[in-house]
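Here are my notes on the model you sent. Please read them with the structure open.

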Amino acid sequence: MRKSPKPTKYRANRQGPIIDKALRVRLLALIDDETPRRDRLIEYLHRIQDRYNGINARHLAGLADIVGLSQAEVYEIASFYSHFRLLGDGDSADEIILRVCDSLSCKLAGAERLLEALGKVTGVRVVAAPCMGRCDQAPVAMLRRQAISHASVERVASALEQQDFSEAAPPGYIGYDAYVAAGGYTLLRACFNAQWSRDEIIDTLQQSGLRGLGGAGFPAATKWRIVCGQPAKRMLVVNIDEGEPGTFKDRIYLQQDPHRLLEGALIAAFVIEASDLYIYLRDEYPGIQRMLGDEIATLQARSGLKLPHIHLRRGAGAYICGEESALIESLEGKRGMPRLRPPYIAQRGLFGYPTLEHNMETLYWVRDILEKGADWFACAGRRGRSGMRSFSLSGRVRKPGVYRAAAGISVQELIDEYGGGMQDGHSLYGYFPGGASGGMLPASLADVALDFDTLSDYGCFIGSAAVIVFSQVDSARELALNAMRFFADESCGQCTPCRVGTTRAVQLMQRDVWDQSLLHELAQTMMDASICGLGQAAPNPMLCAMKYFPQEFS
Amino acid sequence: MAQGIDFTLEGRRVSARPDETILDVARREGLKIPHLCYKPGYREVGNCRSCMVEIEGERVLAAACCRKPQSGMNVLVDSARPQQARNMVLELLKSEVSAAADNADELDYWCQTEGIGQPRFEARVSADIDSSHPAIRVDLTRCIHCTRCVRACREEQVNDVIGLAGRGAMTRIVFDQARALGDSSCVACGECVQACPTGALSPAGGLDVETNRDERRVDSICPYCGVGCLLTWHVRGNRIVRAEGRDGPANRSRLCVKGRFGFDYVHHDGRLLKPLIRRADAPKTAVPVAPADMMTLFREASWQEALDLAAGKFAAIRDQQGAHALAGFGSAKGSNEEAYLFQKLVRTGFGTNNIDHCTRLCHASSVSALLEGIGSGAVSNPVSDVEKAELILVIGAKPTVNHPVAATFMKNAVKKGARLIVLDPYRSDLSRHADWHLQFRPDTDVALLNAIMYCIIDEDLIDRDFIAARTTGFDELALTVQSYPPHKVEALCGIPASHIRDVARLYATSKASMIFWGMGVSQNTHGTDNARCLIALALMTGHIGRPGTGLHPLRGQNNVQGASDAGLIPMMYPNYRPVDDDGARQWFENYWGCELSDQRGLTVVEIMHAASRGDVRGLYVMGENPAMSDPNLEHTRTALANLDHLVVQDIFFTETASFADVILPAAAFAEKNGSFTNTDRRVQMGRQAIEAPGDAQQDWWIIQQMANRLGLFWDYTQVEDIFSEMRGAMPSIAGMDWQRLDAQQSLTYPLTNSGDIGTEVLFVDGFPSETGRGHFVPAEYVCSDELPDDHFPLVLTTGRQLEHWHTGSMTRRASVLNELQPEPVLYLNSTDIQNLGLENGCRVKLMSRRGRLEARAQCDDGVYPGSVFMAFCYHEAAVNLLTNDSLDPVSKIPGFKYNAVKIERVN
């Protein structure tokens, strides 16, 4: 242990920094809010970073002064989100950061080799980063705000030459006019005109069996009813922080038909009488963010309806913010740390108000279910299951992509009927049925029904239906370690079982021989005692590796 | 138990109150469940997960510290699943930290209790030790991220320095933007040290806490400010090694930097150990000598010789020149009993009312205005009433610096939704929490307050019923404030009229508004007028006489309230009985058994004027330091040197002691017993923790020795005897007995009959004035005596700073405090620093018409442009050499807050 040197006796800035008045004026212009609000802190940090390519200590001190927070409060928030680049004294803001995804699908597509090769490219600083939601284009990298699909040294070099590292709105999406021309927002108007009662809407959703499609699978109608029973005022939150490795369905739907989500969300807001609608979009989708901002503005300007306040917010690189209460904390401008429950967010959510929070896809289907009837959604299904699921299929298949398929489909059917079969030279060895946290299953279980509730007997769950397929050339043990590393990086750090447990598990899993009994013991505590689903689910791939792939440990 | 929640806890049928958690019930039931992030009184966060229990039917375990039981719940504590989880959590945490020096901390305690051995995991990579701070050592290798320090810093003390930064394995405790603690904005309240369960944050020089086996603990109170924090001293041998906050009504276990880290002045090697007598060959000059050179002026003497000389000379002056050639300065740092005894000595032994103390320099104007307006100088409501206030108005005070623990309650109240309005030319830390901060031009208080009252009357927001039923003189006041419409004072005060109106509305329309003020209001030549306006504001809106309302002049010294109550003032006997009231005089003549003077005595500054004229020839100073604290020091020091006989009773060789003929070494606060009255009117017990060094003696003993040599026959045998006599003279404390005070730690007066619980809120039914009504006294705006001009263009304001107490006689000798703030600094706005061609930290010369000094210029953008601020604690740069001794005409308080000065750079 080294002792840091004692400072000289006289310390000029001991009472805090002196705020640079000129900088303060520049920051105020950048923030461009009449009354700076602490809940918009993450947006302000984004604006500073967008403008200066990084955030330095003077920016943070100035921002703290402007929003009336202390420096520690602002620093702890900025340092929580991995997309904020906090510049130390020696750091250059001019440096170009290249994030290279090394999560499961990209790892299968050679992310490690790519990272090594990119290390030799000059002019950029290469950092490994978690899933970017483009697993169908693996491996993926992001050059500042621009995504590079099927990334290679050559493609990165050519992107670097263009000097513009922003991302355009997705091409060919259905804009406001086209959506309205095709009958869009008729349903919403009908709701506003009392042609639909709130109960009718909820009843229809109930009949359809629509469940929360972000992973938890809670029946949507029940959730709406609970929130309706809470005192006003109420909030609606749309969760588009899709971050579970292997998941990209929200992106695909949004970049095709954004108004279908907005209409569904506005119907939900109508039913629960929400005063405000908050949309939390992950920062990895800058093109969608641009598009969604424009479309919301158009909608507000032209709908002629009395809509709730719609707030579009972006994340800043934190998987945990996909957890509903962490997302609410983030919307309030804080560190995205999950809240302890009770109280549930339906009782006390955003800003303390009863809150209905849904994954974007759940709301996306609301219009279709109401227009086409509950059966349209409920009728499909295999192996006794009912409804449709959107599978994000990636890994060693010929045609990765998002496929709407019957609930209860097996992975073998999914690969064969939708994924175009396995890639040449690869045979199915195992798969993740629900992203990194859903665990993994061996090829011998390729025929089990994929749906909510069907996988719990196997120590897995379907979650966001992100199916990642791996083959005989891959190691389940290594993939489990990759997943555990991901959780260790993305743990919010709040509770001991998750913060320390994931880190210690990574250390144990890096050893040549796994201490399986200790890992089982550790896993049990993580599952039993973690505050939120991250820590509770983190051991799943590790446990599955030991259970289903024993040959890798002999 | 009413409405208990019946549930099963580890097989027992138990019942919980609605506010109790499972852990609360378990602790009550004697079930041991480990817990680390949980600290009673702090918000529960449930992050450590060492208290997991199983609730039958739930998928995952629950944290007992956060979970409230529900009726019929079956909670399992010691079954395998929750026990394994708790043990694993403890093992993981143990793998996180380096080995402790001792098994004194909570993590080790629980690991030992639960039988957790060597962790089976790899250890965490160690971090550096941060020893950059003089008071607090940071060893994050001991950190378990329980965030008790974060809550201590942000939710208890609301200093907002500590944060939890990063994420995952990179999660870490930071100060400001991850600075070294010593370079951060930490105010060293030490709440985090008290909160930390693992010693990651510990007192610097940690050897003192390594072993606590031979420690004694003494429950006492803090010797510094008027807040009156209860504390416990840890004592080893005859040495205090640590101070810890203790739960009291005024501090709820909190302390500030002075109380927690400023106790070792008692062990300073400058303590006076022997009585000293001035050498025959040492003439008096107007320049004080350094303590190191004191033996060039003095020689040691026995108590017998020193007391004989000290008292004999007073007797001679009294007998030859008359009683009024004598005077005494008591101290607001002494106990109630010492204050009472000292004024009794001066009144009965000297035979004069020339007795005063530093209240004259701090709240004399407030007290004058309060006595005139509502018949009582005491605060109407305690600080803790901020919890009940809807609006808190702070004017002319920097509580975060001078009453730090009181400030924490204000900040807590704001966090819970109370509104805060700060009216002050200085932008303090408190302003960050304020809804409104009106940074008005110095010296324009009366104009601003009149304008606020104008708006309240103009918009008919007055409380007519209250005015009619409980006050007199409203019409005259209304007439006066008619000349102060906001648009007219806007330019004078530098505050937009609309802001004045907004603030006026907020204050008047809140359900309960409470006013706090400090020296910024009182230490002006219009100090009484300032306070009159505040009283009028409260009276016209009816914001007095109820919980969460009222008037609270924040008292400076730990016993300034008690010393004034005890009659340590020239115009009042104990309990504020006027000396020129025949009835009062006769009562005391009877009680004390001797004749008393019927003339009001002289005040502090007047005594100095009289001394320089030669009218006062002998002065007895107990625990005060006028050679540092008085305005226009050159004059004061000359006056002190001009005395025939000066006796100084103190614990150190103060600047004042330089001018003494006899110096009497006294015991320090921690070496005595006695009662002290805080700013809230709470009487609290100070207890002896250590023995006085050398031949130093207890003050009451010394005063009694002096008294008996002046022809009095006193035979108090213990402090308690004096307190009993005081109760006989002071109905407000008549019901307090020593044993109850000792047992209950803190009693609030008025407490007239024994068995009463004490009175927190005064003036509920009436005011103790002759008519029983409050009286409006109008005040017109008058500017200060000495305005800035071309020669002296800047305004100097003096005051205190967080780490140093008053003249610095204690805190400059407290090692940590002096290391934190080691040298004289002068605070200026960055604009002025630039305009004057200075830079942050450069040395400057500060000059007024009366004196000059050298200090470092430091940037503080809270300072009003065109002003400079300096604390009066630096003997090497005594700012009172520069201050003006012009007085407030009513209360005779000097205008410390407004002096014309200029600055030059020193090359």
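1. A contact here means heavy atoms within 4.5 Å. With that rule, 70% of the contacts in chain A with a separation of 6 or more come from residues 24 or more positions apart. In chain B, 72% of the contacts between residues at least 6 apart in sequence join residues at least 24 apart.

2. Some ground rules. This is a predicted model, where local features need pLDDT of at least 70 and side-chain atom pairs count only at pLDDT 80 or more, while totals for chains, interfaces and linings use all residues. Residues are numbered from 1 along each chain as its sequence is written, chains are lettered from A and ligands numbered from 1 in the order in which they are written, and side-chain values use heavy atoms, without hydrogens and water.

3. Secondary structure comes from DSSP runs, numbered from the N terminus: helices are H or I of at least four residues, strands are E of at least two. Chain A has 24 helices and 15 strands. Chain B has 30 helices and 38 strands.

4. What radius of gyration does chain A have, against a compact globule of 554 residues? Chain A has 24 Å, which agrees with the globule value near 24 Å. Chain B, with 907 residues, has 29 Å, and the globule value is near 29 Å, so these agree too. The radius is taken over C-alpha atoms, and the rule is 2.2 Å times the number of residues to the power 0.38. The C-alpha boxes along the principal axes are roughly 75 × 65 × 50 Å for chain A and roughly 90 × 70 × 65 Å for chain B.

5. Buried means under 20% relative accessible area, exposed over 50%, partly exposed in between (1.4 Å probe, protein chains only). Of the 554 residues of chain A, 63% are buried. For the 907 residues of chain B the share is 66%.

6. A nonpolar core is a set of buried Ala, Val, Leu, Ile, Met, Phe, Trp, Tyr and Cys residues joined through side-chain atoms within 4.5 Å. The largest one holds 314 residues, and those touching the most other members include Tyr81(A), Trp224(A), Trp233(B) and Tyr620(B). Helix α13 (residues 258–272) of chain A gives this core the most, 10 residues. Another core, of 56 residues, lies apart from it, with Leu423(B) and Met540(B) among them.

7. Take Phe470(A), in strand β15 (residues 466–471) of chain A. Phe470(A) counts as buried because its relative accessibility is 0%. Ala443(A) is 27 residues from Phe470(A) in sequence and 9.3 Å away in space, C-alpha to C-alpha.
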